[in-house]
Amino acid sequence: MTGFATRARGFLAKYWGVIGVLLLWQGWVWAKDLNAIVMPQPLDVVRDLVTNPGIYLSNAALTLTLAALGLVMGMALGTAIAVLAWTSRLLSGILIPLGLIFSSVPVVALIPILARLLGYDVKTVLAIVVIISFFPAFVFTSAGLRALPPGSEDLFRVFGSSPWQRFIRLVLPSAVPSWMIALRLSAPPAVLSAMVAEFLMGTSGLGYMFRQSAADFQTDRAFGTSVVATAISVLCFTLATLAEKRVNARWS
Amino acid sequence: MSPETAINVDHVGMVFTLDDGTELTAVRDVDIKIGKGEFVALLGPSGCGKSTILRLVAALEEASFGRVTIEGQDPAELSRAHRLGVAFQDHALLPWLTVKDNVALPYKVAGKKVDTTRVKELLELVGLGKFAGARPSQLSGGMRQRVSIARALVLRPDVLLLDEPFGALDAVTRRHMNVELQRIWAEDEVTTLLVTHSVEEALFLADRVLVMTGRPGTVAMEMKIPFARPRDPSIQRTPEFHAMADKLTLALEPEA
């Protein structure tokens with residue numbers, strides 16, 4: 001019982017801000033007597049989440065799958081291009097400015113163009129997530145490939161290492177901590193950009209569900225979608241942070 | 001000197017071109033012959049070019065004048081054949097590998113099968129048998145240097161190069177490490193070039209001490225160290241040791 005009490009107190013101490021906002025929201029809707037189309041009550045949102053878990057889960061699974069797949073592909077691409085740029089000064093001179101320019105284009109502006117090119121379906125959503133995840137992986141891997149432990153370069157030379165052995169045993173492992181930073185930074189935007197793409201041109205997923213329910217004046221469901229999306233983003237960030245911590249403990 | 005010359009630094013000069021185009025002579029006309037199985041200490045203050053000499057022997061630099069050969073060959077050839085062992089002041093251990101894997105690294109770099117018995121023996125020899133599975137970050141500074149020395153010796157190199165291996169350690173640990181190094185070295189009496197700025201370290205470990213001074217650096221003095229091996233730490237308290245230390249100190253700072 002005491003254990004539960006301390007846990008509850010710990011929970012309150014940590015999340016009193018969120019609870020406060022929820023209470024304020026509920027109070028405000030009551031006091032102003034707002035229509036549920038304009039502003040649903042937190043309880044309505046919770047009710048919709050609990051009574052229709054299937055529709056939330058299936059759409060969340062879809063968005064999450066696209067985000068994860070795009071994240072993996074984007075990071076693989078970013079890492080591969082970073083390695084390519086590392087091998088030659090000429091290539092890095094071309095690739096780094098190109099990457100910078102490309103990453104400066106807002107995603108929202110890219111979506112219509114990509115949709116024309118790839119079609120108004122999941123392919124475009126995936127492409128958006130790949131583009132979003134590419135850049136951090138490219139930048140951080142590029143930096144990581146040059147962050148070698150002090151003295152290790154001389155060491156490998158004296159030990160007569162071949163360029164390939166040097167790359168595999170020294171350069172690539174040196175980039176791992178930076179790569180983990182890229183993963184942590186990319187995971188939440190991957191989910192977010194998947195949702196934005198679905199919202200603008202998709203035919204399924206959380207983003208599409210949000211747009212549809214908002215258009216149908218199912219404001220409680222639109223809010224529910226946001227709650228699920230937030231939960232997924234927080235989850236992705238937490239997982240990536242944990243993974244980063246574990247790797248750093250080994251690499252420091 | 002032993003009859004057979006292992007390392008021959010033959011009238012070597014080294015000129016670096018700085019970023020602004022000016023030329024800087026680091027060492028001038030350095031002539032050093034090291035016999036097979038001999039332990040030579042290169043003693044000098046910071047910036048006298050002693051590390052440059054070591055880097056030339058390690059095939060990390062090319063001499064501007066003169067020539068460095070090891071057993072008649074270019075140092076780069078020995079490095080390609082994985083016959084050089086080296087330990088630097090910054091231990092250069094790879095943080096993501098365990099102690100055991102760090103010591104085994106030269107095998108992997110050379111594309112050879114890891115001799116686990118040899119790795120184990122060396123870890124026992126440097127007193128870290130129980131730490132085989134630890135990571136470098138879990139070790140003290142002295143322990144890391146022991147790993148680094150074990151790694152330098154693992155392939156049974158023809159030449160061992162030590163660049164201030166204990167330079168970052170406190171005085172007490174350093175003295176302790178010198179005793180350890182002497183014991184480790186006695187196992188296999190490999191030709192060794194030690195670069196140091198510590199008079200006591202050079203005297204305690206080496207068969208011969210060369211003092212380098214000046215800018216550009218030159219060899220100012222040579223001293224044979226007569227103490228029989230194995231050397232007990234107590235020799236460092238003998239009047240003979242002190243007399244030689246004074247002589248070397250004076251050679252290091254002639255103006256003082």
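Colleague: What pLDDT do local features need, and what do side-chain atom pairs need?
Modeller: This is a predicted model, in which residues are numbered from 1 along each chain as its sequence is written, chains are lettered from A and ligands numbered from 1 in the order written, and side-chain values use heavy atoms, without hydrogens and water. Totals for chains, interfaces and linings use all residues, whereas local features need pLDDT of at least 70 and side-chain atom pairs count only at pLDDT 80 or more.

Colleague: How many helices and strands does chain A have?
Modeller: Helices (H or I, at least four residues) and strands (E, at least two) are DSSP runs, numbered from the N terminus. Along the sequence the pattern of chain A is α-α-α-α-α-α-α-α-α-α-α. The count is eleven helices and zero strands.

Colleague: Is chain A spread out or compact, and what is its radius of gyration?
Modeller: The radius is taken over C-alpha atoms, and the globule rule is 2.2 Å times the number of residues to the power 0.38. Along the principal axes, the C-alpha atoms of chain A fill a box of roughly 75 × 60 × 30 Å. For 252 residues the rule gives 18 Å; chain A is well over that, so it is more spread out than a compact globule, at 23 Å.

Colleague: And what is the radius of gyration of chain B?
Modeller: Chain B has eight helices and nine strands. Its C-alpha trace spans about 50 × 45 × 40 Å along the principal axes. A compact globule of 256 residues would have a radius near 18 Å, and chain B agrees, with 18 Å.

Colleague: What share of the residues of chain B is buried?
Modeller: Buried means under 20% relative accessible area, exposed over 50%, and partly exposed in between (1.4 Å probe, protein chains only). In chain A, 40% of the 252 residues count as buried. In chain B, with 256 residues, the share is 54%.

Colleague: How much of the accessible surface of chain A do carbon and sulfur atoms supply?
Modeller: Areas come from the Shrake-Rupley method with a 1.4 Å probe; for residues, only the protein chains shown count as cover. Chain B has about 11200 Å², of which 50% belongs to carbon and sulfur. Chain A exposes about 14000 Å², and their part is 74%.

Colleague: Which elements do the buried residues of α3(B) pack against?
Modeller: Helix α3 of chain B covers residues 99-109, and eight of its eleven residues are buried. Among them are V99(B), L105(B), P106(B) and Y107(B). After the helix comes G111(B), with a positive phi near 70°. The packing partners are α4 (116-125) and α5 (141-153) of chain B, together with α7 (152-158) and α8 (163-174) of chain A.

Colleague: Which residues does E244(A) touch, leaving out those up to four places away in sequence?
Modeller: E244(A) sits in helix α11 (residues 219-251) of chain A. Its relative accessibility is 8%, so E244(A) counts as buried. Contact means heavy atoms within 4.5 Å. The residues touched are M180(A), I181(A) and R184(A).

Colleague: How are the rings of F199(A) and F210(A) arranged?
Modeller: Rings of Phe, Tyr and Trp (its six-membered ring) pair if their centres lie within 6.5 Å; planes under 30 degrees apart count as stacked, over 60 as edge-to-face and the rest as tilted. The structure holds ten aromatic pairs over all chains. Here the centres are 6.0 Å apart and the planes at 45°, so the pair is tilted.

Colleague: Which helices does that pair link, F199(A) and F210(A)?
Modeller: F199(A) is partly exposed at 34% relative accessible area. F210(A) is also partly exposed, at 28%. The two residues are eleven apart, and the helices are α9 (residues 176-201) and α10 (residues 205-215) of chain A.

Colleague: How far apart in space are P112(A) and L200(A)?
Modeller: P112(A) lies in helix α5 (residues 107-118) of chain A. P112(A) is partly exposed, at 45% relative accessibility. In sequence, P112(A) and L200(A) are 88 residues apart; from C-alpha to C-alpha the distance is 8.5 Å.

Colleague: What separates the C-alpha atoms of A81(B) and M221(B)?
Modeller: A81(B) is in the loop between α2 (75-80) and β5 (84-87) of chain B. Its relative accessible area is 34%, partly exposed. A81(B) and M221(B) are 140 residues apart along the chain, and their C-alpha separation is 33 Å.
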